[in-house]
Amino acid sequence: MYDTGSTGFMLVCTMLVLFMTPGLAFFYGGLARRKNVINTMLMCFAVIGIVGIAWVLAGWSFAYGGDGSLSWFGGFDQLGLFGLVSGMLAEASAVPADAVYPSLVDVCFQMAFAMITAAIVTGSVAGRMKFGAVAAFIAAWSLVVYAPLAHMVWGGEGSLIGDVIGALDFAGGDVVHISSGVTGLILCLFLGGRKGFGLKSYRPHNVPFVALGAGLLWLGWFGFNGGSEFAADEVAALAILNTVVSSAAGLVSWLVTERVTTGKPTLVGACTGLVAGLVVVTPGAGFVEPWAAVLMGIIVSPVCYLAISKLKARFGYDDALDAFGCHGVGGILGGVLTGLFCVPELSWSEAGGLLYTGDASLLVSQVVGILVTLAIVIVLDLVLVAIVRAAFGGSLRVSEHDEALGLDVSAHGESAYPAFTGLDA
């Protein structure tokens, strides 16, 4: 018999993670300009459809199929999930000794991860990328970049990053946050800045939307991190507790940072700090003690704040909704800090953090794993951008007229605020 408690727990966690992508739509939609809110939210919702189909057709197989002989790729044996139902029925009559819940649950749980990861990418390109180009890029990216990377980190014995290198990633520092943040950065570099970028301030058009989205993300993240233990046990409880305290520390730290630098703490800042705290603890949620999770949350906010407020201005890239500044930077920091604070007894490889063992081997593995992730993502992204750009007439960007009018009207023929023309926002 399956463990019904863990099965129920994983089903709930799966639904929570699925809920994160609509939550991100509200978060991004509130941050966007008024004339682009529909387009910004629709990009997140489109991801649900695109990745949902791609994952069933090939994503699951590329990530977790095969016989484990390849360190960088799953296989082609589970394309379309053919035979999954018959396999599930066979499992029901003879449950594998190590099975905690039906494999069908894991397919959907991992699909939800693929969805939220791809949706994060869209935040960097808000307000200026052709909708068709976004859809085409996300469809290819989920199969060419995300799925193989998931195999490299979570593919078990023989996987390149998780086993050969020995890097730890409990719930997605490399797979989710670094991959999406860096991809967003590459796309915004190719697109160039929004009209007027660097000359005028872009303010969130609906702060309550931002708060609503952050709350939905916070709720979903408990399934995101807690479910990554794949059992209803003490490590899942630790991961959930660490998720709470790191996000709390990130929120408070961001407010303090704003108070010191600008004199005024803000609700948008509180929401951003909450998300940054969630991001930084993701790689180590089930590996670190709560005091370390608090420290991680305290550290991440000023780092991400500087990345968002100073790094963009220094290098001139228009990461519109700060996917790289929050997820990319926070994910890298979380991976490194996991190498410092990992409790040896909780580590998958029994390698402890530098603080506990005095041995820097895990920290080195974390850094190498991050560097390999960066190299793989950057190279594959560049190839995909070149292909998609060629397919869309040599440009990923909408016309100047459409950008000025707003993508809600020009690309979708609708507006979040019907009385609004879009010309003066």
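## Helix H12

Helix H12 (residues 323-341) has 19 residues, which at 1.5 Å a residue should span 27 Å; the 25 Å between its end C-alpha atoms agrees with this. The expected span is 1.5 Å times one less than the number of residues, and helices are DSSP runs (H or I, at least four residues) numbered from the N terminus. Of the 19 residues of H12, 16 are buried, so the helix is largely enclosed by the rest of the structure. Buried denotes a relative accessible area under 20%, exposed over 50% and partly exposed the range in between, with a 1.4 Å probe and protein chains only.

## Basis of the model

The model is predicted: local features need pLDDT of at least 70 and side-chain atom pairs count only at pLDDT 80 or more, while totals for chains, interfaces and linings use all residues. Residues are numbered from 1 along each chain as its sequence is written, and side-chain values use heavy atoms, with hydrogens and water left out.

## Packing of H1 with H8

Helix H1 (residues 4-31) and helix H8 (residues 207-226) have axes that come within 7 Å and cross at roughly 155°. Axes are lines fitted to C-alpha atoms, for helices over the stretch in contact, and angles run from 0 to 180 degrees between N-to-C directions. H1 and H8 are therefore roughly antiparallel to each other; angles over 145 degrees count as roughly antiparallel, under 35 as roughly parallel, 65 to 115 as roughly perpendicular and the rest as oblique. The crossing of H1 and H8 is left-handed, where left-handed means that the near helix is turned anticlockwise from the far one by less than a right angle, and right-handed that it is turned clockwise. By class, the contact of H1 with H8 has 19 nonpolar and seven polar residues, with no charged ones. Ala, Val, Leu, Ile, Met, Phe, Trp, Tyr, Cys and Pro count as nonpolar, Asp, Glu, Lys and Arg as charged, and the others, Gly among them, as polar.

Thr14 belongs to helix H1 and, at 4% relative accessibility, counts as buried. Neighbours within four places in sequence aside, Thr14 is in contact (heavy atoms within 4.5 Å) with Val105, Cys108, Phe109 and Ala112.

## Packing of H2 with H4

Helix H2 (residues 37-64) packs against helix H4 (residues 103-121) at an angle of about 130°, their axes lying 8 Å apart. The two helices are therefore oblique to each other, and H2 passes H4 in a right-handed crossing. Residues of H2 in this contact include Cys44, Val47, Trp55 and Tyr64, and those of H4 include Asp106, Gln110, Ala114 and Ala119. The residues of the contact of H2 with H4 divide into 14 nonpolar, two polar and one charged.

Tyr146, in helix H5 (residues 131-154), is buried, with a relative accessible area of 1%. Beyond its neighbours within four places in sequence, the contacts of Tyr146 include Trp55, Gln110 and Ala114, together with Trp141, Trp154 and Val175. Tyr146 and Asn206, 60 residues apart in sequence, are 31 Å apart in space from C-alpha to C-alpha.

Helix H10 (residues 267-281) and H11 pack at an angle of about 120°, with 8 Å between their axes. H10 and H11 are therefore oblique to each other, and their crossing is right-handed. Among the residues that make the contact are Gly273, Ala276 and Val280 of H10, and Met296, Val300 and Cys304 of H11. By class, the residues of the contact of H10 with H11 are eight nonpolar and five polar, with no charged ones.

Tyr305 lies in helix H11 (residues 290-315) and is buried, with a relative accessible area of 13%. Sequence neighbours within four places aside, Tyr305 is in contact with Trp254, Thr257, Glu258, Thr261, Thr262 and Lys310. The C-alpha atoms of Tyr305 and Cys326 are separated by 8.3 Å, the two residues being 21 apart along the chain.

Asp322 lies in the loop between H11 and H12 and has a positive phi of about 65° although it is not a glycine. At 16% relative accessibility, Asp322 counts as buried. Leu81, in the loop between H2 and helix H3 (84-93), is also not a glycine and has a positive phi of about 55°. Leu81 counts as buried at 15% relative accessibility.

Helix H14 (residues 361-391) has 31 residues and reaches 45 Å from its first C-alpha to its last, close to the expected 45 Å.
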